[in-house]
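Please look at the sequence and structure first.

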Amino acid sequence: MALIELSGIERRFLLGDTTVNALAGLNLQIEAGEYVAVMGPSGSGKSTLLNLLGLLDRPNEGTYKLEGRDVTTLSPDEQATVRSTRIGFVFQSFHLVPRLTAAENIALPMTLAGISPAERNKRVAQALKDFGLDQRADHKPDQLSGGQRQRVAIARATIMQPALILADEPTGNLDRHTGEEVVNLLEALNARGVTLIVVTHDPGMGARARRQLVMEDGRLKSDSRTDDISILGKISG
Amino acid sequence: MRLTDTLRFARDAATGYPMRTTLSVLAMSIGVAAVVILTALGDGARRYVVGQFSSLGTNLVIVLPGRSGTGGFNPANAITTTPRDLTIDDAGSLRRLPTVRRVAPLAVGTSEIAFGGKLREVMVAGSTADFIPIRNFTIAQGVGLPEEDWNRGSSVAVIGAKIRDEMFGANPAIGQLVRVGDRRLRVVGVLASTGQGLGMNTDELVIVPVSLAQAMFNSNTLFRILVEANSRDAIEGAKDQAMTAIKQRHRGEEDVTVITQDAVLATFDKLLGALTLAVAGIAAISLAVAGILVMNVMLVAVTQRTGEIGLLKALGATARTIRLAFLAEAAMLSAVGALVGYLLGQLGAFALRQFFPVFPAYPPDWAVIAGLSTALATGLIFGVMPARRAARLDPVQALMKH
């Protein structure tokens, strides 16, 4: 069973009088533990796809099965529970809550989920250690460097031990060196079995993924895996 | 989200925007303070007036000459056109009523008092020994009027504090002979100074036996009969009995009016109570305004924190969690505002009491409770709309605004 199964996904937006097909006829399967890069020019539907996968957005048509369960028909609150337990987000601009300390930001998903303070403190301490942030626990985001901020964001995304991490241009606001660090962190998580989907403009970063999806005008232009499979088919056929 | 976490989150959110928070807390506190201070003023006025009336004497029933109601034509009216005077004997007859403790007839007029070449105009009250206790006057020096036959007044007088000061200065007044009108009277007592109050100012009063006053003013009639009932419960009985007794003596004609101090007091009490309510109502408008301000502030907060709301949703917050967080913040703003306002109001009332010690400016409990609960309720009610708006935000749109 694939972790993600999209079939016949359509997502249309109304811009003025014209309807824009952000996603059209999208079929996609992603297995658990995969490392996928989604690439393509601006407006190709990358972000829409990511929002859809993160249950922040609903398709107009088609079904989305996450871990074999149709999640498109869930109520908003049920979707929130799925986001809380199964999905972690990493954003380009970090999206940390400025008035909360690094530790509090990391603990936020657990706080929202109603996990007891004792358990929270235990997990946050571990996460701070894992991400090299022990000395920064009580710092507010504006006292942290870009790389530290993104590490806090990644720690936050993983604190609920999700099956899937969605990263939207995770290195977009970082210099090359810190960007490299962050990618290494994400890849380390993937190596431990977490499915990683990264939206990126950066071809270098995209190339590091084991599978590349290229989007254009809301359609999948190329998928390195199906290419492999079709090649495989050609070979075997 | 746990309750304590929701509250902490709301608190941090509120303190994260100090200016906005301070302003809305200030608005709410001014509203509550207005309720507290204005009701303290209104209720203070009520207590002041009630207190003044109570000091006129307790359980008082007053008989006045003349009818209060309008009657139709009856044969009795045709025979006697003018009402009968109230006489000393009328007053004497009331002494035998079972519900009555004390009776004091009262005749008043103005006259002159002279001593040692000094002359001044005074108010003369003719009454009996019980007058002073019924009216709660206190004697500073000497004694009151003697107990004696009401129709045979001895030549004595009790004078007010101001008259004593002006006529005698530093010299002793007790035992001196003064001239009041055409009589020579011996001063037997001096009243304690009471200052200005409702009713009669006793500082410029001369009290003489009632028959003496009547002779002085050449009249048989009384101005009032003051009756003190045995107890508060006996007031109504005393009123009816006094009316019946006088009516009997006046050949069945109801030509007097009997009022109770209680009734007068109740009227004032009601009147000023209504005034306090009205003032509280006006102050409550400022609470409503403060509530709307809290709503405004919370709407601004929702707009300001759109990105944050989107993030919370992405991190798995349900609509309910977000609604509760914003509602808790609104409730906190109004609760703190209400508390600060309560303290400010009590401080203001305290200041009022310091500046006007005679004025009992205490806010009534009901106003404090109503003010505080209105503040909390408006905060919550006006917090609902922004909270719902926050909860309904589309996470994708909200995240893009970050």
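Q: In which hand does helix 9 of chain B pass helix 12 of chain B?
A: This is a predicted model, in which local features need pLDDT of at least 70, side-chain atom pairs count only at pLDDT 80 or more, and totals for chains, interfaces and linings use all residues. Residues are numbered from 1 along each chain as its sequence is written, with chains lettered from A and ligands numbered from 1 in the order in which they are written. Helices (H or I, at least four residues) and strands (E, at least two) are DSSP runs, numbered from the N terminus. A crossing is left-handed if the near helix is turned anticlockwise from the far one by less than a right angle, and right-handed if clockwise; for helix 9 and helix 12 of chain B the crossing is right-handed.

Q: At what angle do helix 9 and helix 12 of chain B pack?
A: Axes are lines fitted to C-alpha atoms, for helices over the stretch in contact, and angles run from 0 to 180 degrees between N-to-C directions. The axes of helix 9 (residues 261-304) and helix 12 (residues 365-392) of chain B are 8 Å apart, and the angle is about 25°.

Q: Which strands of chain A stand at the edges of the sheet?
A: Two strands pair if DSSP finds at least two bridges between them. Four strands of chain A form an open antiparallel sheet in the order 2-1-4-5. Two of these strands each have a single partner, so one side of each is left without a neighbour: strand 2 (18-30) and strand 5 (69-70) of chain A.

Q: Which residue of strand 2 of chain A is the bridge partner of A:F13?
A: Strand 1 (residues 4-15) and strand 2 of chain A run antiparallel and are joined by nine bridges. In strand 2, the partner of A:F13 is A:V20.
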